[in-house]
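Visitor: I'd like to go through this one with you. Could you put it up on the screen?

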Amino acid sequence: MPILTLISDLSVPVVIVIILVHGLYKGVPVFDTFLEGAKEGIGVTFKILPALIALCTAIGMFSASGALDVLSNAAAPLTDLLHLPKEVVPLAILRPISSSGAMAIFQKLLGDLGPDSFGGRVASVMMGSAETTFYTIAIYYGATKVKDTRHTVVAGLTADLVGFVASAIMVRMFFYS
């Protein structure tokens, strides 16, 4: 077994043991503290549930309405300018909104184009280069009851756009130069 695989396999159990031993050494009631944290986690879940339901509903309506196709076609001039393959535009639009929606589009792309095609490779890099911005904002701001997101949305979407464009550039550099 290679050493990196061994380290990877043992990292989580070792961290758990370290936390338990340190807690016992400091005299912390480890199990009671764990239960308290779990109880707090359930409370946070109930706090963010309305935002999650609203987000999931909006994603379903967005996809079912055909708006994704309309936006993809409208974005064609921009994607041509940025040298993004047209097939990945729906992925680029949906990735900041929904991880599961993006995964469905990603799997369809790989099935249609193949994982070794330019579009398949760009889509693969895109999946790792972007965040589900709106989901993350809904979770964090919903949990903390922050109403004003200020520059968060613009900064997050800008980072996503840079990740999408960089995906195409890097795939072109590493595989097609």
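Visitor: Is V162 buried or exposed?
Guide: V162 counts as exposed, because its relative accessibility is 52%. The cut-offs are under 20% relative accessible area for buried, over 50% for exposed and partly exposed in between, with a 1.4 Å probe and protein chains only.

Visitor: Before I go on, what am I looking at?
Guide: This is a predicted model, so local features need pLDDT of at least 70 and side-chain atom pairs count only at pLDDT 80 or more, while totals for chains, interfaces and linings use all residues. Residues are numbered from 1 along each chain as its sequence is written, and side-chain values use heavy atoms, with hydrogens and water left out.

Visitor: OK. Which helix has V162?
Guide: V162 sits in helix α9. Helices here are DSSP runs of H or I with at least four residues, strands are E runs of at least two, and both are numbered from the N terminus.

Visitor: What's the span of α9?
Guide: α9 covers residues 152–175, which is 24 residues, and reaches 34 Å from its first C-alpha to its last. That is close to the expected 34 Å, where the expected span is 1.5 Å times one less than the number of residues.

Visitor: Which residues of α9 are buried?
Guide: G156, D160, G163, F164, V165, S167, A168 and V171.

Visitor: What covers the buried residues of α9?
Guide: The cover includes α4 (76–82), α5 (89–94), α7 (118–129) and α8 (133–144). Contact here means heavy atoms within 4.5 Å.

Visitor: Let's take α8, then. How many residues does α8 have?
Guide: Twelve, and α8 reaches 16 Å between its end C-alphas, close to the 16 Å expected. Its buried residues are T133, T136, I137, A138 and I139, and these pack against α2 and α9.

Visitor: At what angle do α8 and α9 cross?
Guide: Roughly 145°, and their axes come within 10 Å. Axes are lines fitted to C-alpha atoms, for helices over the stretch in contact, and angles run from 0 to 180 degrees between N-to-C directions. The α8 and α9 crossing is right-handed: a crossing is right-handed if the near helix is turned clockwise from the far one by less than a right angle, and left-handed if anticlockwise.

Visitor: Which residues meet between α8 and α9?
Guide: T133, F134, I137 and Y141 on the α8 side meet T152, V153, G156, L157 and D160 on the α9 side. By class, that contact of α8 with α9 holds five nonpolar, three polar and one charged. Ala, Val, Leu, Ile, Met, Phe, Trp, Tyr, Cys and Pro count as nonpolar, Asp, Glu, Lys and Arg as charged, and the others, Gly among them, as polar.

Visitor: Now α2. How do α2 and α8 pack?
Guide: α2 (residues 30–64) and α8 pack at about 145°, with axes 8 Å apart, and this crossing is right-handed too. V44, K47, I48, A51, L52 and L55 of α2 meet F134, Y135, A138, I139, G142 and A143 of α8. That contact has ten nonpolar, one polar and one charged residues.

Visitor: What is phi for R150?
Guide: Positive, about 50°, although R150 is not a glycine. R150 also lies in the loop between α8 and α9 and counts as exposed at 63% relative accessibility.

Visitor: Why does the pair tie together parts that are 58 residues apart in sequence?
Guide: Because F118 is in helix α7 while Y176 is in the segment after α9. Y176 is partly exposed, at 39% relative accessibility.

Visitor: What else does F118 touch?
Guide: Leaving out residues up to four places away in sequence, F118 touches P85, A168, V171, R172 and Y176. F118 and V171 are 7.4 Å apart, C-alpha to C-alpha, though 53 residues apart in sequence.
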